[in-house]
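This report is meant for a reader who is meeting the structure for the first time. Please keep the sequence and the 3D view at hand while reading.

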Amino acid sequence: MISLADIEDESMQELPDGMTSIRPVSKLKENTPEFNEEKDKCLKYFEQWNETEQLEFVEHLITRMCHHQHGQINSYLKPMLQRDFITALPKKGLDHIAESILSYLDAKSLCAAELVCKEWYRVISDGMLWKKLIERMVRTDTLWRGLSERKGWCAYLFKGKHGETPKPNSFFRTLYPKIIGNIELIENNWRCGYHGLHRIQCQSENSKGVYCLQYDETRIVSGLRDNTIKIWDRNTLQCTQVLTGHTGSVLCLQYDDKVIITGSSDSTVR
């Protein structure tokens with residue numbers, strides 16, 4: 001007597017690297033000559049039909065089968081319907097599409113994708129997807145943006161500096177967990193109160209408010225209600241320069257190494 005487990009074992013064929021292939025379930029007895037002859041006739045008719053007619057014929061066959069036969073057909077079709085499109089796309093010269101699809105993954109999913117196979121790992125590495133993930137976070141999250149400027153790794157993102165050798169994907173793969181560690185440390189410090197609070201006295205005779213500010217490693221630039229822009233030393237918290245010119249409160253400002261641009265309630269930009 002043959003058990004179901006025996007039949008299932010015979011239906012699976014081991015291939016290299018742990019892959020398996022489904023083959024037709026072993027027959028309990030040989031087909032009769034009459035069956036083989038009639039089967040060949042049916043196949044000849046089937047091959048002469050167009051795709052629509054073939055589908056209609058198969059649908060009629062399936063509706064006349066038992067439930068356990070449906071299960072066997074499903075087991076046979078399942079591996080045939082599986083497609084590794086990430087591996088298939090580069091073979092057709094469509095690497096950029098494979099990279100674009102994987103670029104939407106978060107860090108956890110990207111780690112898992114690297115382990116799928118060598119081809120997936122190559123697509124991720126050649127596409128610099130860890131760099132693109134960090135760039136996406138810097139564009140959309142102010143904490144990431146500020147951290148990138150403070151730590152200096154913003155210089156390696158986007159187009160980078162002219163003439164500088166681009167960093168490999170492995171650099172950004174290693175950088176990402178370091179960034180996450182820094183962010184967790186910052187959030188934990190704020191949550192647990194592990195931070196020092198320093199006050200800058202901006203109040204003057206004519207002003208009682210700060211409307212905007214920007215800062216970097218060495219200075220703090222503030223736009224005040226008294227129509228002035230004050231520059232403070234970040235280490236000593238002392239005012240080093242006062243800029244005037246507006247006749248209204250300074251509502252916004254932006255600066256770089258060469259220029260400060262301000263907007264005021266006097267309807268001017270300076």
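The text below goes through salt bridges, a surface patch, a pair of helices and a residue in a strand.

**Salt bridges**

The structure is a predicted model, and every value given here was computed from its atoms. Counting pairs in which a side-chain nitrogen of Lys or Arg comes within 4 Å of a carboxyl oxygen of Asp or Glu, the model has 7 salt bridges. Three of these pairs are set out in the table, each with the separation between nitrogen and oxygen.

| Salt bridge | N to O distance |
|---|---|
| Glu37 and Lys41 | 3.9 Å |
| Arg122 and Asp95 | 3.2 Å |
| Asp126 and Arg122 | 2.8 Å |

The pair of Glu37 and Lys41 belongs to helix H2, which covers residues 33-48, and the two residues are 4 positions apart there, about one turn of the helix. Glu37 is partly exposed, with a relative accessible area of 46%, and Lys41 is likewise partly exposed, with a value of 47%.

Arg122 is partly exposed at 28% relative accessible area, and Asp95 is partly exposed at 24%.

Arg122 also forms a salt bridge with Asp126, where the closest N and O atoms are 2.8 Å apart. These two residues are both in helix H8 and 4 residues apart, so about one helical turn separates them. Asp126 has 48% relative accessibility and therefore counts as partly exposed. Through salt bridges that share partners, Asp95, Glu119, Arg122 and Asp126 are joined into one network.

**A nonpolar patch on the surface**

Which residues form a nonpolar patch on the surface? The patch is made of Tyr45, Trp49, Phe57, Val58, Leu61, Ile62 and Met65, which together have about 560 Å² of accessible area. Helix H3, which spans residues 51-63, supplies the largest share of the patch, with 4 residues. Phe57 is one of the patch residues and is found in helix H3; with a relative accessibility of 30%, Phe57 counts as partly exposed.

**Two packed helices**

A pair of packed helices is described by the angle between their axes together with the distance between those axes. Helix H9 (residues 129-140) packs against helix H10 (residues 142-151) at an angle of about 110°, and their axes are 5 Å apart. That angle makes H9 roughly perpendicular to H10, because angles from 65 to 115 degrees are counted in this way. The crossing in which H9 passes H10 is left-handed.

**A residue in strand E3**

Is Gln214 buried or exposed? Gln214, which is found in strand E3 (residues 210-215), has a relative accessible area of 19%, and Gln214 is buried because the cut-off for that term is under 20%. Along the chain Gln214 and Cys252 are 38 residues apart, while their C-alpha atoms are separated by 9.4 Å.

Definitions and conventions
Residues are numbered from 1 along each chain as its sequence is written. This is a predicted model: local features need pLDDT of at least 70, side-chain atom pairs count only at pLDDT 80 or more; totals for chains, interfaces and linings use all residues. Side-chain values use heavy atoms; hydrogens and water are left out. Patches are made of residues with over 30% relative accessible area and no salt bridge: like charges are joined within 9 Å, nonpolar side chains (Val, Leu, Ile, Met, Phe, Trp, Tyr) within 5 Å. Accessible areas come from the Shrake-Rupley method with a 1.4 Å probe; for residues, only the protein chains shown count as cover. Buried means under 20% relative accessible area, exposed over 50%, partly exposed in between (1.4 Å probe, protein chains only). Axes are lines fitted to C-alpha atoms, for helices over the stretch in contact, and angles run from 0 to 180 degrees between N-to-C directions. Angles under 35 degrees count as roughly parallel, over 145 as roughly antiparallel, 65 to 115 as roughly perpendicular and the rest as oblique. A crossing is left-handed if the near helix is turned anticlockwise from the far one by less than a right angle, and right-handed if clockwise.
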